[in-house]
Amino acid sequence: MTQRIDQRDAPDGKRESGQLEVPAPPSAVSSRGIQNGLGVARVGVSGPPARIACFGPFRLHTSNRVLEKNGKPLKIGSRALDILITLLEHSPAIVSKRELIERTWGKLVVDDVSLRVHMAALRKRLGAEEPPGGYITNVPGRGYCFAGDVTWTDVAATPRNPPPVSAQLPREPLLMVGRDQVVGELAAQLETERFVSIVGAGGIGKTTIALALAHRMLSKFQGAAHFLDLATIEDSRLLTRMLATQLGVVAVSDQPLPVILSFLREQRMLLVFDSCEHLVEAVAALTENIFRDAPGVHILATSREALRAAGEQVHHLPPLACPPLDAESLTATQALSFPAVQLFVKQVPHSDRAVELTDEDAPVVAEICRRLDGIPLALQLAASRVGAHGLRGTASMLDKHFRLLWRGRRTALPRHQTLGATLDWSYNLLPSTEQMVFRRLAVFVGGFAIEAALEVGAAELDPAEVAETLAALVEKSLVIPEGANARRYRLSDTTRAYASRKLTESGEALEITRRHCEQILRVLEAFHVTVWAPPTPESSRFFFGDLANLRAALDWGFSDEGDAELGARLIGASACLFIQRGLLTECVSWTGRAIRALNSSGQGTRLELELQACFASSLTIATGNVPAARAALIRALEVAAHLGDAPMEFYLLHALYMWQIRSGDLAGAEELTDRVETVARQIADPFADAIAYGFRAVTCFFTADNRNVGRYAQMALDVPLRSAKLSLARFGDIHRGAKTFLALNCWFLGYPDQAVAAAADAVQEAESLNHAFTLCYVLMSCILVAMETGDQRRAEELIHRLSSTAVKHELLTYARAALGWQGCLAISRGEMARGIELLQSGISALHEDGYELYRPWFSVRLSEGLAKWGQRELAFSTICEALSWAQSHGRILNFVELLRVKGEILSSMTPGDSGEGETCLLESLNLARERGLLSLELRSGISLARLWAGRGASGKALQLLEPIVKHFYEGFGTPDLVAAAALLDELQAQR
């Protein structure tokens, strides 16, 4: 039987990818001695007497088949060496091409091209030093002859098993990044365990590590190492023949394994089997036999799945480490500490200078590395595109399938020249069932649970079959387990892009995508989550783990080819989870689209109720008190009342009350509070009562019923919340607000120290909730406490915390409010220009957001700053406008300070005629006394006392201020009381 071959053994001693030399059948082997490349006689064939041929600087040892130049061995292919020996034996006679081919290849069918290739390599190895024209001469039409002088010497035969002189390995990898520790660990393991398999996905660098490891361990085996690239053969029956050829072993039977094992029993060497995945059963059987019968042989295998052979130690090769997703402000130095970034940068094409990564480009490169899952081949291919498309252009192309077609080095193995080719190699090895399940898994974005895979991937398959198939795909490194214990999996981003393409080609993409959407919906609806109740831990875990899948399902649901009704149900079942995670803008977008997609049958249903409630809540928090949010709340209240859903109605009244408070309009606050209390009585939950008490405390505070604030606030805080059914996160702002307004109220009533302590406690408790919106809500009131008590350092700390929290969680309204507080603080420090600019910007921005709860306080500070800066007319118009606004919005509490500042500005504008200013100050003083607002009474008293003292009525001023100060029992270090004490000393001195 004739066999066709490719030139596996390159003529210059270097391995060529994609080529295989198949040993000739026994009949084709000549009776002359045949030696292998390690100097070991081939089994079953007697060799000729040992001889040495000397010519020029060369010595050829025929027994060991070693060619030396000046005493140093040369690398030379076995075929080229056979040709040289034949020419030397016949020198100076001419040897025909036919005879050379028969002597070198036996009866294998080989064309003249192969002879010319090896002849050219032989001439190159010998050089053209002498004789003139080289050692080998071509005689046209006749053949070749050796042209130099040859001296033959007979020597004693070499030992049967001499130490090998060279390794049969491809060259060591030129570039290997981030794998030194792995290679070191594998070297130690291979030396002790003898049989190690490196398992990982295509392109992850298994071959690179295997070669680096083999070269590192050469000295351990005195150079006896063999590398077998199994990707070059498809028929498992050729496996043992390939190994026999590599070892130089010739067997006379059709079953060479016994002869191979007999030979290996006497050897100490390293065998590297590369790319075993398509021959996994045959390789497992072969390596198991070698491991058992040849104790001196160590085996290193690479495969996309474990061999599962006896003695095998499996090392799952991870991707290169990438910068984490949450890495903030990543610098170039930080990025380059990750091997994936190092490899990418080193592979970017450049001219004479190395590429330097900048801080500006570092986040882009980090994102590319993450998107490519740290897979070395993918990183190298992406880096090769940077020269043509730039970093950002390359990053943008990752969202498309272009990356599957990017080409790498021309010298790379065919299956490694594109990502598509690498994945084609794996995909084509799969049985049809595994191919089908694999491409169906493309609908999952990010991780997925095994239950989801069974439901989506099953169709006509039995779930048990799908589970078994999934396990097989994991073993073949196409599916990645997400954790050692979790029953969750994922596809790498690149693998998913490939599987998605295959899913589209299969024609079942639409069906599988719908099934994916329906599977997520069934899970979400089973949780029965709603905006007014706390989410279950199971629903939160599912949302966190499958958010990417949910987003993909929503994208499809609202797409042209999707199902909008299905999409509306999806967001209706998950909108409150978006709010819980702080994904407010996203919640606004999805719920808004769903509401618009509702048909007549969906209106007035619980689905619309949930959508409207979540839309309004997320819109208010994210963008402010916009009219659309209030309209959605009113509509949702109508639906809730119609459906008799008391908890939802209670939640919506809470949201509407908060909208009203944030707007700064307290005209209808008492009516809303009454409605809240009515509905609270319909709910069998003590937390409902606590919330109603909290509403009443806040309403009392802003309507200047401050004597009752403490009572209601304490009632709210005293209610036990351990068994609450209502969500602490959803209603927590008003409950926590009771504590903050209790703190603020303490200051107004004349208890500064208690106010500071209560505010600190409120901030600490709010921070422990890990809920950004509630924290910002609490910080607003506590900043005011710090400002009113004159603690500038504490105020600055809280303002910074408010700003950073708001920016981080995209709560833009609170970020703008932070600007206003910064302006207030600047004016307190005497930085008038900066403070005025910040306050004007903050007030304007908050007005656009509809958030004007703290407008009176900002207006007071702005007016004071303008007056101190000499802009009295502008200060006066500003305070008058603020006072008019407060009167129209029911802001009774703020009248006191607004009137006081108006009085001070008027007095400064007309020092000789301050009657109108005095009237405002008296009105402010009397209103503070009437409401029991001792701290505000003190401020008005100080202002009025200074006015009277300036007119020479020091006794009258002293008579006014002294009783007010005596009502204080704490806070004597606060600026107001310090100023009052100093003024009293002046007044007493003037008497």
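**Reading a predicted model together**

Trainee: How do you know that strand 1 and strand 2 are paired, and in which direction do they run?

Mentor: Strand 1 and strand 2 (residues 58–61) are joined by 4 bridges and run antiparallel. Pairing takes at least two bridges, so these strands qualify. Keep in mind that we are reading a predicted model.

Trainee: What joins strand 1 to strand 7?

Mentor: Here too there are 4 bridges, between strand 1 (residues 51–55) and strand 7 (residues 151–154), and the two run antiparallel. At least two bridges are required, so this also counts as a pair. Arginine 51 stands opposite aspartate 154 in strand 7.

Trainee: What makes strand 9 and strand 12 edge strands?

Mentor: Start with the order of the open sheet, which has 5 strands with parallel pairing: 9-10-11-8-12. Strand 9 (225–229) and strand 12 (313–316) each have a single partner strand, so one side of each has no neighbour in the sheet. On average, neighbouring strands in this sheet are turned by 15° against each other, ignoring direction. Within the sheet, strand 8 (residues 195–199) and strand 11 (residues 297–303) share 5 bridges in the parallel sense. Valine 196 has leucine 300 of strand 11 as its bridge partner.

Trainee: Why is the contact between glutamate 505 and lysine 502 called a salt bridge?

Mentor: Their side chains meet at 3.7 Å, N to O. The limit is 4 Å, so the pair passes. Glutamate 505 and lysine 502 are 3 residues apart in helix 17 (residues 493–506), which is about one helical turn.

Trainee: Are glutamate 505 and lysine 502 buried or exposed?

Mentor: Glutamate 505 has a relative accessible area of 54%, which is over 50%, so it is exposed. Lysine 502 has 16%, which is under 20%, so it is buried.

Trainee: What does the pair of arginine 951 and glutamate 918 tie together?

Mentor: First, their side chains meet in a salt bridge at 2.8 Å, N to O. Arginine 951 lies in the loop between helix 40 and helix 41 (954–966), and glutamate 918 lies in helix 39 (residues 915–931), so the pair ties together parts 33 residues apart in sequence. Arginine 951, at 44%, falls between the two cut-offs and is therefore partly exposed. Glutamate 918, at 14%, is under 20% and therefore buried.

Trainee: How do you know that the span of helix 40 agrees with what it should be?

Mentor: Helix 40 (residues 934–950) has 17 residues, and at 1.5 Å a residue it should span 24 Å. Its end C-alpha atoms are 24 Å apart, which agrees. The helix is mostly covered, with 15 of its 17 residues buried. After it comes glycine 952, with a positive phi near 95°.

Trainee: Where does pLDDT stay under 50?

Mentor: One such stretch is residues 156–166, for which the model has 27 contacts beyond four places in sequence. Another is residues 400–417, with 56 contacts of that kind. For the protein, the mean pLDDT is 81, and 84% of its residues reach 70 or more.

Note on methods: Residues are numbered from 1 along each chain as its sequence is written. This is a predicted model: local features need pLDDT of at least 70, side-chain atom pairs count only at pLDDT 80 or more; totals for chains, interfaces and linings use all residues. Side-chain values use heavy atoms; hydrogens and water are left out. The expected span of a helix is 1.5 Å times one less than its number of residues. Buried means under 20% relative accessible area, exposed over 50%, partly exposed in between (1.4 Å probe, protein chains only). pLDDT is the predictor's confidence in each residue, from 0 to 100. Contact means heavy atoms within 4.5 Å. Axes are lines fitted to C-alpha atoms, for helices over the stretch in contact, and angles run from 0 to 180 degrees between N-to-C directions.
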